[in-house]
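Open the model in your viewer and keep the selection tool ready. The tour goes from the whole chain to one residue.

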Amino acid sequence: MTSLRFDDDKPWVPTREWAILWEENADEYWFQVLVDYRDRVNAYYAEQFRDDPSSFPLMRSTRILVVFSLTRSWTFAMPAKIDEVLVDARWEDEFLANLEILRAPNHEETVRAVASVGDAYRLIDDFDMTQGPHGLGGPPRNPYADMRIPGIGAVAGWHLADNDESARQFEDAFAEMAGRRINRSSLRELRAELARLDQVSSPQARGIQFEVLVLHILAAHGCAVERGKHRPGEQVDVFVHRPFRAILECRWQQEPVGAPPVTLLIGKLTRDRPALVAGIYISMSGFTSEAPIEAERHARERVVILLDRRDVERLLEGEVHVADLVEERVDALVRRF
């Protein structure tokens, strides 16, 4: 494997003068890419960004890392406290400045290893340096000059924003096929409703409204749900029919929920319901240490899952699908046996 050098007499090898300009102008160009990206998102994808900010990572403060070699450059990005651009010039590196890296399918893996690029960085651009304008003759000029003109170059910020939106749409489509689609627009409204309920002083009124909120959260996660029914000797707050079967108790009290309410929920499950129906107890004030012990004591006969405020907030943020959260808790119970 022969590495390229600045003094190689080939028209497609950048000169030292060109290399200096690539380095010196990288920060200005990539800062502008971030501006273009954010303008694009605000102009075309503002609603999607409000619903799911994580789908547009460059909207947050970002650290850009550009790794240069004589054959290829790589640009990585990761979240940071402020926007910044770092340059790692490895022009004549024996592993990066060779023609093999232009054809290698694992070039990203190679540059990560050589330049110690951590997993927090994602690759957002790579550029074939042998295709640059340095072989046209004449004095060097800003190599980024034409790269923001549509039709001549590509407005990289627009391209990155469009790619992130396409990825978001693909993930939504895949989640829908897997039964894990989340209506993030509805969740945004429900987060405001939770903030309003925090200000309700009447525990009874808050509790009734909290049941409705839970129903709507589950619906936003694609669940088939209905309000609970009253029958002699029993009251159930919420039924879930798909993608799992469960009865829910929803409480928003001052004190943590102890073992007796969990026992009552187990009684409702064993009264006349099939074993595949789980019990889910949601308590915004949390649980005493006895509550999970009581749930685990009956785990061989009935599954009872305890969810607290942090779990509700995760569901509202769309951090996890409710079906995955339920499976996570069931897995924890299964591992006990």
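The stops below start with the whole chain and end at a single side chain.

This is a predicted model, in which local features need pLDDT of at least 70 and side-chain atom pairs count only at pLDDT 80 or more, while totals for chains, interfaces and linings use all residues. Residues are numbered from 1 along each chain as its sequence is written, and side-chain values use heavy atoms, with hydrogens and water left out.

Select the protein chain and colour by secondary structure. The chain has 11 helices and 11 strands; these are DSSP runs, H or I of at least four residues for helices and E of at least two for strands, numbered from the N terminus. The C-alpha trace spans about 90 × 45 × 35 Å along its principal axes.

Next, colour by accessibility. Of the 337 residues in the protein chain, 45% are buried (under 20% relative accessible area, with a 1.4 Å probe and protein chains only). Among contacts (heavy atoms within 4.5 Å) between residues at least 6 apart in sequence, 64% join residues at least 24 apart.

Now select helix α1, residues 16–44, and go to Arg40 within it. Is Arg40 buried or exposed? Arg40 counts as buried because its relative accessibility is 18%.

Show the surroundings of Arg40. Beyond its neighbours within four places in sequence, Arg40 is in contact with Tyr45, Trp158, Ala161 and Asp162. Finally, display the side chains of Arg40 and Asp162: they make a polar contact at 3.1 Å (a pair of N or O atoms within 3.5 Å; within protein, one must be able to donate a hydrogen and the other to accept it, and residues adjacent in sequence count only if both atoms are side-chain atoms).

How values were computed
Buried < 20%, exposed > 50% of the residue type's maximum accessible area, 1.4 Å probe, protein only.
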